[in-house]
Amino acid sequence: MLFLPCRASASCDQVDRDALLSFDFKASSPLNWSASSDCCFWEGIICGPDDRVLHLWLPGRGLSGSVSPAITNLTCLTHLNLSHNSLFGLLPDGLFSSLFSLQVLDLSFNRLNGQLPNSPTEASKLEIVDLSSNYFNGTIPSVASDSLSFFNVSKNSLAGSIPISVFCKNSSNHNNLTFLDVSFNRFTDPIPTGLASCSKLQIFRAGFNALSGRLPDDIFSLADLQQLSLPFNRLSGNIGNGIVGLTSLKILELYSNQFVGNIPTQIGSLVRLEDLVLHSNNLTGALPPSLNNCTNLSTLSLRDNNLTGDLSAFNFSTFQFLTTLDLGNNNFTGKLPQSLYSCKSLTAIRLDSNNLQGQILPEIVALESLAFLSISNNNFTNATGAFMVLMGCKNLTTLVLTKSFLLEPLPNDESLADLDGFDKLQVLAMGGCKFTGQVPTWIAKLKNLQVLDLSYNLITSTVPGWLGSLPKLFYMDLSNNLLTGSFPGELCGMPSLTSKEANEIVEQSFLELPVSVMSKNGTNQQYKQFSQLPRALYLGWNSLSGNIPIEIGQLKFLQVIDLSHNNFSGIIPDHMSNLSNLEKLDLSYNHLSGAIPASLTALNFLSFFSVAHNDLQGFVPSGGQFNTFTISSFEGNTRLCGYQTAQLSCLRLLSPAIPPVSSGTQRSSAKTLSALIFGITFGIFLV
């Protein structure tokens, strides 16, 4: 193809105008493109002195449609940005080879698919290429450009090996590359050698792929590298001391891989390091003393490894910029380090699931910005003293103390009720501690509380009605206790479960650290936003009795209700059919009688339902989600009939000549309690 030089003309070039008018774009509001006007004055268009189109710049303009092949006629185009729209389909063949003057190409955040077009064999002028957040597949073609500095194809479906040789060659080509992002694709195999040739590389991201093998040694020679992000792969071996060659490194993210061995002993040589994120590997050994030299650290996340050592012996006082410390699920011993209280910037601390002991000391209140504290599954003592201290942490929003302070009384001292604290507390988790006593009355003062977990304790007396007046509470777990009495009617008016406005406030809240949830089938999922958690009431495995109040139908935002293994009697309220968002309903192992309301078939989101082992009778409703439930949902009710039950015919049960069968079904007393878990789950356990 012959390319003519760009020449001056009296108005917008006719070829360029025709090419633009052939675009089949639909915009959220009309573009001012018209054949009767000069295209150099159209929205998103910039022309050069010769009236050829140089810029086509319409990001976030609400465009839909495909990219017309006529775009290749814009042969003087230097800048093309159609990002953050809804474009779909394939890119035209020859896009790169025809637009030989193109310097900036940004088509990110669209719905484009297919394979990437081949690049020209001769050197192009491309400097910036951003094709991220689309549906491209296949491999990355060769990019022949001496000027390329930015290349981003993240969040696509590209596969094969990462073509390092495409970007980093032994010749002078590509020495200007500073940013390379191939994360969130389907790349496999080890990371090829050759990155050392991209000597100016500052950002390298290849996380969330299926990469394997060890880190290539030549990656450690990139003296300008500031971010190395390779999480969620299958990388293995030792991290190695070679990493100390990355003297400009600020962010090191190698989490969720299969690395083994110690944290590099000379990690402290990386004095510019701000984020060290190595969690979810198989690292062993103690924290290296040289880590103290990383005085610019903001995030230190080493959870879910096999690290050891006396944590109280490590000096944290040099980390004056540290905001997040996550050392959970390791094998650390000792007490809470007093040096930690010198880290005045800390907002989040997670030390759960270690072997720490001792008491919470008053010095912790020096952490004035502390919002998130999880020290569950340790061996701490003096719960009442801990709460008296922690009420002084005025910005605390999340407090997780699960499976600590074992067999102590629930902190309910009168002095606690008089203290002015926890004004901002949103999450309070004290499950699995085997606490004795009653639900603490000071909880009634926590007007910002959204999540309350007191499960797996030895709490007695009744469920307090004042829990229903907490304005933001949407998740409450009092299961597996010794509670008696009735279902408080006040719970049927919980604002966050009855009011749209209160529910929307919950939607906007975030956790400072993600919560890792382990389900019964062993899968692990993380939650960082309150809106991802179910609106739930867990009252199962107690000794509650009486009728289920008909007002329960007012909890229209409720997603989970578990009243199983209690002594409830009476009928299942027909008003439960008003719980239009309900996904799980467990009424098993009670003394409920009467029929299953047919109106429950209208609960379109109901995925789990159990009324097993009650005294119910009559037809099992059919239709809707009820057609998906198995016999296990209804077993132990000998007077129920229908195809979901063991009773093949309802005629026998309806015949007056045959006396009703007694349903004195004995409830199992041999249920094995699951492991004591803290927190916020959807019928699953949080670890």
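A residue is called buried when its relative accessible area is under 20%, exposed when that area is over 50%, and partly exposed in between (1.4 Å probe, protein chains only). To try the term, select Cys343: it counts as buried because its relative accessibility is 0%.

The model on the screen is predicted, so local features are given only at pLDDT of at least 70 and side-chain atom pairs only at pLDDT 80 or more, while totals for chains, interfaces and linings use all residues. Residues are numbered from 1 along each chain as its sequence is written, and side-chain values use heavy atoms, with hydrogens and water left out.

**The whole protein**

Show everything as a cartoon. The protein has eight helices and 47 strands; these are DSSP runs numbered from the N terminus, with helices being H or I of at least four residues and strands being E of at least two. Of its 687 residues, 54% count as buried. The protein exposes about 27400 Å², and carbon and sulfur atoms supply 52% of that area, by the Shrake-Rupley method with a 1.4 Å probe, where for residues only the protein chains shown count as cover.

**Helix 1**

Select residues 14–21, which make up helix 1. Which residues are buried here? They are Asp16, Arg17, Ala19 and Leu20. These residues lie on the same side of helix 1, because they cover an arc of only 165° around the axis, taken from the directions from the helix axis to the C-beta atoms. Then select Asp13 and Val15: at the start of the helix, a side-chain oxygen of Asp13 comes within 3.0 Å of the backbone nitrogen of Val15.

**The disulfides**

Select the cysteines. How many disulfides does a search of the whole structure find? There are three, a disulfide being a pair of cysteine sulfur atoms within 2.5 Å.

- Cys12 and Cys39 have sulfur atoms 1.6 Å apart. Cys12 is in the segment before helix 1 and Cys39 in the loop between helix 1 and strand 1, so the pair ties together parts 27 residues apart in sequence. The torsion about the S-S bond is about 70°, so this disulfide is right-handed.
- Cys40 is joined to Cys47, S to S 2.2 Å. This link is left-handed, with -95° about the S-S bond.
- Cys168 is joined to Cys198, S to S 1.9 Å. Cys168 lies in the loop between helix 3 (164–167) and strand 12 (179–181), and Cys198 in the loop between strand 13 (186–189) and strand 14 (203–205), so the pair ties together parts 30 residues apart in sequence.

**A loop residue**

Val67 is buried, at 6% relative accessibility. Leaving aside neighbours within four places in sequence, the contacts of Val67 (heavy atoms within 4.5 Å) include Leu87, Phe88 and Leu112.

**The core**

Finish with Leu56 and Leu428, which have the most contacts inside the largest nonpolar core, a set of 189 residues. Such a core consists of buried Ala, Val, Leu, Ile, Met, Phe, Trp, Tyr and Cys residues joined through side-chain atoms within 4.5 Å. Helix 4 (residues 383–390) gives the largest share of this core, five residues. Beyond its neighbours within four places in sequence, Leu428 is in contact with residues including Phe387, Leu399 and Trp442.

Methods
A polar contact is a pair of N or O atoms within 3.5 Å; within protein, one must be able to donate a hydrogen and the other to accept it, and residues adjacent in sequence count only if both atoms are side-chain atoms.
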